[in-house]
Amino acid sequence: MAASLRSVFSRSPFAARTAFHSARFSSTVSKQPTLKERLSELIPAEIENVKRIRAEHGKKTFGPVAVDQLYGGMRGLPALIWDGSVLDAEEGIRFRGKSIPECQHLLPKAPGGSEPLPEGLFWLLVTGEIPTQQQVEELSKDWAARAAIPEFVEEILDRCPPTLHPMSQFSLAVTALNHDSAFAKAYQDGISKKEYWSPTFEDCMDLIAKLPNIAGRIYRNVFGQGKLPAIDQAKDYSHNLAALLGFGDNEAFVELLRLYITIHSDHEGGNVSAHTGKLVGSALSDPFLAFGASLNGLAGPLHGLANQEVLIWLRKMQDKIGENASDEAVKDYVWSTLKGGQVVPGYGHAVLRKTDPRYTAQREFAMKHLPDDPLFKLVGQIYNVVPDILLQAGKAKNPWPNVDAHSGVLLTHYGLTQMQFYTVLFGVSRAFGVAAQLIWDRGLGAPLERPKSYSSSAIEMMFKDKQA
Ligand SMILES: CC(C)(COP(=O)(O)OP(=O)(O)OC[C@H]1O[C@@H](n2cnc3c(N)ncnc32)[C@H](O)[C@@H]1OP(=O)(O)O)[C@@H](O)C(=O)NCCC(=O)NCCS
């Protein structure tokens with residue numbers, strides 16, 4: 001606890017304030033606060049904190065805006081606030097100030113497990129605090145109790161042709177959950193702005209809770225894997241998700257899912273899926289509409305679909321150059337990809353400039369559980385050759401692997417070989433970050449997003465008579 005408090009204090013004044021509460025509550029044996037109770041304590045304090053920051057610094061500016069940033073996908077443009085996670089170009093992601101290894105160490109585990117429970121990561125994202133074992137168990141139970149999806153959503157999924165991409169089906173089903181949105185209903189009933197966060201919280205809890213049933217149904221419908229089992233109220237979220245996919249008996253796969261969801265949950269506020277959710281939520285679209293939009297962004301090959309693309313690329317490589325190919329043959333294949341005007345999937349990043357720690361966490365998992373897997377060995381071989389080639393090609397600002405370079409290999413090892421499904425698992429995970437952000441945006445009364453766009457002629461006019 002001392003170490004965790006120290007790292008909280010060194011990272012964030014918000015987390016430091018709340019760490020006292022955490023210590024107090026974790027020493028209370030009987031009634032520990034639920035996530036919603038804790039949140040209701042944190043929101044008023046954070047509203048005051050934001051007021052203070054804006055009063056002290058609101059008129060200050062940091063950094064000029066370059067015209068290149070307007071044309072260049074807004075890279076590096078400071079534009080958003082999100083306390084849940086921050087991405088450092090060199091070090092990678094920290095969730096509320098904690099690195100992935102720190103989360104693996106500090107967050108509660110399942111009995112006999114060694115990977116963090118995503119329930120705990122969600123608690124951390126929402127509160128900045130490490131929950132107790134009891135608090136994550138309560139969250140598991142709460143999500144299991146909310147897990148059923150409406151019959152009409154089941155029917156929507158059952159009517160989808162199996163040729164419709166699993167991500168499109170996923171987005172359809174999540175959007176349709178808006179039918180029962182507590183926020184949309186409360187808004188129609190004239191809820192006060194101050195109360196927005198409460199039905200948003202309920203929707204976000206429902207959203208996360210229902211994703212395993214949606215993902216499981218899509219998987220079984222598309223890939224013909226038999227009847228969907230019932231949610232086990234006594235099991236954690238990842239176990240239930242694994243069971244719905246047909247892997248509930250494989251404890252190593254369940255552990256993989258716990259790690260997978262944790263590391264894929266959030267990647268600060270500006271990535272396509274996180275930012276889309278925030279943007280759509282800023283119009284007071286409910287969390288189901290907002291996260292449905294996030295999923296459509298995640299389904300793009302430069303974002304979440306890259307995990308599918310990596311596997312397709314690896315399989316094509318094996319078909320072309322065979323298994324156990326030499327480094328030279330792998331290099332030639334990578335060059336042929338680049339010369340064909342394609343990207344090497346799983347490499348490069350818009351912000352990161354080093355190997356993604358999410359890649360490293362998965363590599364460590366593989367070394368522990370599947371060191372002799374041939375595809376894992378190929379991924380390692382590719383890691384040894386691709387960065388040099390991307391550097392020689394001279395375009396990519398980051399030649400190192402990202403999260404997607406590794407995830408499919410792990411899933412494949414355990415028999416989840418249907419790569420078109422991989423981004424759905426990324427989507428289940430990303431809901432944790434988007435939901436935490438939506439809750440806080442409504443808690444802090446975040447306004448409608450409306451940045452300014454310019455025409456090219458306006459840019460030319462603006463700088464017409466100015467020196468460079
Ligand atoms: C992630 C990604 C979209 C970031 O894009 P970005 O911020 O524009 O990246 P850069 O600034 O480094 O891009 C500069 C150039 O290098 C190219 N580049 C970047 N990564 C590359 C890769 N892995 N393979 C080949 N070329 C790459 C870009 O396509 C761009 O080319 P262009 O000037 O012809 O348009 C990009 O690295 C990519 O396409 N990676 C492969 C897909 C992937 O793994 N996505 C998952 C990300 S978590």
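Biologist: Hi! What does the secondary structure of the protein come to?
Modeller: The protein has 22 helices and two strands. Both kinds of element are DSSP runs numbered from the N terminus, with helices being H or I over at least four residues and strands being E over at least two. This is a predicted model, where local features need pLDDT of at least 70, side-chain atom pairs count only at pLDDT 80 or more, and totals for chains, interfaces and linings use all residues. Residues are numbered from 1 along each chain as its sequence is written.

Biologist: Thanks. What radius of gyration does the protein have, and what would a compact globule have?
Modeller: The protein has 23 Å, which agrees with the value near 23 Å for a compact globule of 468 residues. The radius is taken over C-alpha atoms, and the globule rule is 2.2 Å times the number of residues to the power 0.38. Along the principal axes, the C-alpha atoms fill a box of roughly 70 × 60 × 50 Å.

Biologist: And how many of the residues count as buried?
Modeller: 44% of the 468 residues do. Buried is 20 or more other C-beta atoms within 10 Å of the residue's own, exposed is 12 or fewer, and partly exposed is in between, with C-beta atoms placed from the backbone.

Biologist: What share of the contacts comes from residues 24 or more positions apart?
Modeller: They account for 75% of the contacts with a separation of 6 or more. A contact is two C-beta atoms, placed from the backbone, within 7 Å.

Biologist: Let's pick a helix. Is α13 mostly covered or mostly uncovered?
Modeller: Mostly covered: twelve of its 14 residues are buried, including Phe-253, Glu-255, Arg-258 and His-264.

Biologist: Which elements do those buried residues of α13 pack against?
Modeller: They pack against α5, α6, α12, α18, α20 and α21. As for its span, α13 covers residues 251–264 and reaches 20 Å from first C-alpha to last, close to the 20 Å expected. The expected span is 1.5 Å times one less than the number of residues.

Biologist: You mentioned α18. What covers its buried residues?
Modeller: The cover includes β2, α5, α13, α19 and α20. Among the buried residues of α18 are Arg-358, Tyr-359, Arg-363 and Phe-365. The end C-alpha atoms of α18 are 18 Å apart, which agrees with the 18 Å that its 13 residues should span.

Biologist: Now the strands. How many bridges join β1 to β2?
Modeller: Four, and the strands run antiparallel; strands pair if DSSP finds at least two bridges between them. They form a hairpin with three residues between them, and Leu-87 stands opposite Ile-93 in β2.

Biologist: What about phi for Arg-96?
Modeller: Arg-96 has a positive phi of about 45° although it is not a glycine. Most residues other than glycine have a negative phi. Arg-96 is found in the loop between β2 and α5, and it counts as buried because it has 26 C-beta neighbours inside 10 Å. Leu-284 also has a positive phi, of about 65°, and lies in the loop between α14 and α15. With 17 other C-beta atoms within 10 Å, Leu-284 is partly exposed.
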